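Dear colleague,

I am handing over the structure below, and after it you will find notes on what was found. Please read them with the model open beside you.

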Amino acid sequence: MVSALGRANMVHVYNCHPFTSQQIVQVEQEPGLVCCGGGALFVVATGGCKVEAYSLEKEGCPLICRFATMGTVRSIQHSKIGDYLVTIEEKNNATYLRAYTNWRYQAEEKARVGVRLLGHLLRGASVWGGVQMEIIEIPLAERPVAMACCSISGDLLVGCENTLVLFTLRRQNQQNLGQQNLQSPWPNTQQSCSQSQGQTSTQNLSVLDFERSVILHLPKMTPKQVALCGGYVAVQGELEVLVLKLEAALMPVTIDPSSETSKNADFLEEQGDFLLVPRHQELLGNRAKDCDIPVSIEKTGLEDRGQYTLSYILFRRFSPEFFQGCSVEEMHLHSLQLYSMFTSNQSASQDEPACVFCFFSLPTAGYLYSLKGGVELLSAYQYPEKVLQAVLTDHLLHVITKSALQCFTVRCAAVAARIEDPYIDTTMKACPPCSLEVCALRMQLFIGLRSVCVYGRHVVLLSAADTETPEETERSTPRRGLSRKWTISSPKETSSAGHGWNLYVVDTVSPLTLYQEMVEYSQRYAETNPQAQSLRHLLSEAHLLLRASLLQTSEQQQSSGSDAAESLQTHSGGAAQSDRQELEEAFRQNCAQLGDCFSRGSQKDCHLALPYYRMSGLSVIEVMSRNRPLPSSLHYGPGFLFYLKHYMLEEVDQSLGQEAADEVVDIFSQSEPSMIVSVCASPCMINVNPARTLQILQHMEDTAGVSVPLTITMATMMLRLGNVPQFTELLERHAEMLLVYGFIEEPRLLLHGRRGDQHMQIHPTTLARQLANSQAGLLVAAMVALHENNKVQLEQADHIFKELGCENSLQVDFWEAMLMASSQDAVIQELLFRVASVYIDRLTNSVAAPKHKSLKSSDDLINSCSHYGALYPWLTVLNPAHTTNSQHQEALHKLQSLLCGPSLSLGSVVPLLEQLSEETLWGFSLHLLCTTRRGQYSSSIEQLLDRCPQAIIAYANHQLQDKHMALWWQKLLPELCNRTRAASDNRILLGALKETLVVVAMETSPAEFLELIPDDGTASYFLPHLLTCSQRHFLA
């Protein structure tokens, strides 16, 4: 049954049982106020001045202790942090705010009670000699009307007529009398257990105290309820809610309300005869500051040096109206609550909560907002009848009417899950959306309910046969619960004692039990309509229930980790671990069920099958068995195909067996033939039947036409069958470049990836190994194309060639081809260094000779690659062809070409060149190239004249040009003169001198030439050249 209620929100109603049992608390007098916390239920008799505490964690709820208050209690709250009670009391027409600490010690019949003012600590033996209950009087300038305790820090927020006062919880221990902030929560079980067992050791005694730190002035709002949680402050009026964030800052920021207050006062004076009805208003985030509620900060802390800033978070105002049987007078807000959640990777004692939620309710509707990470309305609850009070927990929203207790689901876990795991809402993981429609579970009937509070799995209800007054309802404020939820029990009646009231403790079932009932309930939809929306919704509710339980389990384990009661930890640790394992197993089952729903669902949500199946831990074979077509339909669901497609496209380690692989081929050949090539190329399909698959591929080619990837796939199947000639024939259908395009379209025809320890490991396929032996050029061209199209990285390509055993041949060919194709500077410099290193190794014979002849000769590289320069003419003199073998000469020419080119960084290869000897001319040529590249021409001229003077003119003609032309007469001419003088019969030197003088005569003036003639009596040798110089100069 589904009913549409409210604005675009629907409430699904499921007949699941959230309650398991109930018991009646035996109290002597009619309760007036109740609250719970710290494993205890606190009861204040109507009009009384006594508090009774009952244990919620023991069967029968036995009495823990009772103690008298100093006035008539009008409101009571318990703080989990510090385990203290705070009350608003009346006496002699005056209102007081008091805190009761160490109240558990009253169970030992100790009469000693200390009474003191805020900040005035008791001293002496009365304190340190033994633990006693303390009553702390907290003075206020205005009458308190509401208060709230922070569940994270234990701080106290008090609402007065037009102000909010924040008290910071402090503690003082025996060793250090200085006060300090109670930054981390005190483990509740530590205090409750140790104190109830009568441990009165004062070795580490701590005394609680409060410091008034901040006052917030709200001149245009009168608080009815307040809430405090992790710096968030919520204030509720009759029909408006304001949420603020109070943060410590270096400089105070004060919002001056004077202008707006005076303006509003003038407006009210003009409209004094009219009734102003506020309009509906919702302002979220930064827009909330535009509301007409000014707030100013007054800092009062004496020891706290920090300042505070205030930011508006949420403002919501409702217009009074008659709706669903409620009069205008009855339409007021109630049940204000701020609720926090921690994720499993957080420490509740050190971190801020991952999520903070704000809940408030009208008699006809409740509203749940998420405050952190952007303010958002999560759910709007439409009630079937007037609700008196509501309490929010991790799993459920508990609401009471006059005659029933009902539970609604909440979306807190959906928000927390997305904060905890960034992979949610991706193809890796999923979670039902925060906007998922809420549902109501089976209600439990009672008579005359008046108030409700929650602690853990215990829901405490106060009922009275007579109708309560509006004032009593307003005083029954909501209490924060640690909460889980859900189950059912039989209708309740008043006790046989005859009085008209009862105090019930209703226990909810464990989340796992409720989940199992939801799964059973969902089978009704699965049997009738597997694609029903209600089935998906109910399984999503169960999913969020388990997520909330897992988050809560992690938080409890973390908080227990700081517990002092080691024996309790040891006893409960194993049970908690077992419960978590059961929850995780149920979670995987639920993910599998959701995967089934989305696998056959509509095209809109079919993509969700993939992450849910992944989270289920099911293997692909198990998923396939769950998604075989029904007899009535021969089609596969779109979600299943989406899942299977992604599985085939991923680099997985698991290989399918032949039967499963053949079934996958059949699925895609029937449902999505365009994917068949990618499917066959998947590494998990290595065991597919090649002959059977080849028939399917040939049929596809006959029907859809020839395509290059399809041809390569068919050739791969032929290769697996061992038919190499047919394999070669298939590849020869297309030109090499077309085959390269085919590999770009489907790289896994050449490469398979497997997940290693940290990075993806790439391995060659059978096709790649065959190409390495038969068509190496195609393999190298394909690898270059894959790299340039970002399909493979350079290191991965190197790994491929090493696995192929071609690291000294095809790998170098790949590097050389990459130099021709790549335009990335970093890659080019890396490759230049690599190929230069290989050439040097080949010249020194430090590596084995390559198995295959290089695909590109030095001339090919010079003509097609700009990084290889043409060999300098003088190099031909230094390395005659007959001095080395062909491979040695090829390596030498390539290395010389690199040194002649513009790109190689000389500094990177000089250390490698040092291992080459200069004794050979080819070795000398390489060192001479380096010296020339450095611009050391003088040194190069001397070395060349020493080793190979016949190359000097060729060297000078090529190198000594332009700005280096002067070296002809400044360096070369003097060197030749000196050397010919010492060896006058050296024809090589004389010829070089003659050629040099010809150049000098052409480039200098007669006067300059005259200066160059040596004064050793050989001037006659220079006179013809001087004459030539003079004639040239005369003609010019």
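Arg 116 forms a salt bridge with Glu 134, their closest N and O atoms being 2.9 Å apart, where a salt bridge is a side-chain nitrogen of Lys or Arg within 4 Å of a carboxyl oxygen of Asp or Glu. This pair links distant parts of the chain, since Arg 116 lies in strand β11 and Glu 134 in strand β12, 18 residues apart. By this rule the count comes to 38 salt bridges. Helices (H or I, at least four residues) and strands (E, at least two) are DSSP runs, numbered from the N terminus.

This is a predicted model, in which local features need pLDDT of at least 70 and side-chain atom pairs count only at pLDDT 80 or more, while totals for chains, interfaces and linings use all residues. Residues are numbered from 1 along each chain as its sequence is written, and side-chain values use heavy atoms, with hydrogens and water left out.

Strands β11 and β12 (residues 133–138) run parallel and are joined by five bridges, and Leu 117 has Glu 137 as its bridge partner in β12. Both strands belong to an open sheet of five strands with mixed pairing, in the order β8-β9-β10-β12-β11; two strands pair if DSSP finds at least two bridges between them. At its edges are β8 (72–79) and β11 (113–117), each of which pairs on one side only.

A further open sheet has four strands in the order β4-β5-β6-β7, with antiparallel pairing. Because β4 (31–37) and β7 (63–68) stand at the edges with a single partner strand each, one side of each is left without a neighbour in the sheet. Within this sheet, β5 (residues 40–45) and β6 (residues 50–55) run antiparallel and are joined by five bridges, with Val 44 having Val 51 as its bridge partner in β6.

Turning to the helices, the axes of α15 (residues 708–720) and α17 come within 8 Å and cross at roughly 85°, the axes being lines fitted to C-alpha atoms, for helices over the stretch in contact, with angles running from 0 to 180 degrees between N-to-C directions. The two helices α15 and α17 are therefore roughly perpendicular to each other, a term that covers 65 to 115 degrees. Their contact (heavy atoms within 4.5 Å) is made by Val 708, Pro 709 and Ile 712 of α15 and by Leu 738, Leu 739, Gly 742, Phe 743 and Glu 745 of α17.

With kind regards

Note on methods:
Angles under 35 degrees count as roughly parallel, over 145 as roughly antiparallel, 65 to 115 as roughly perpendicular and the rest as oblique.
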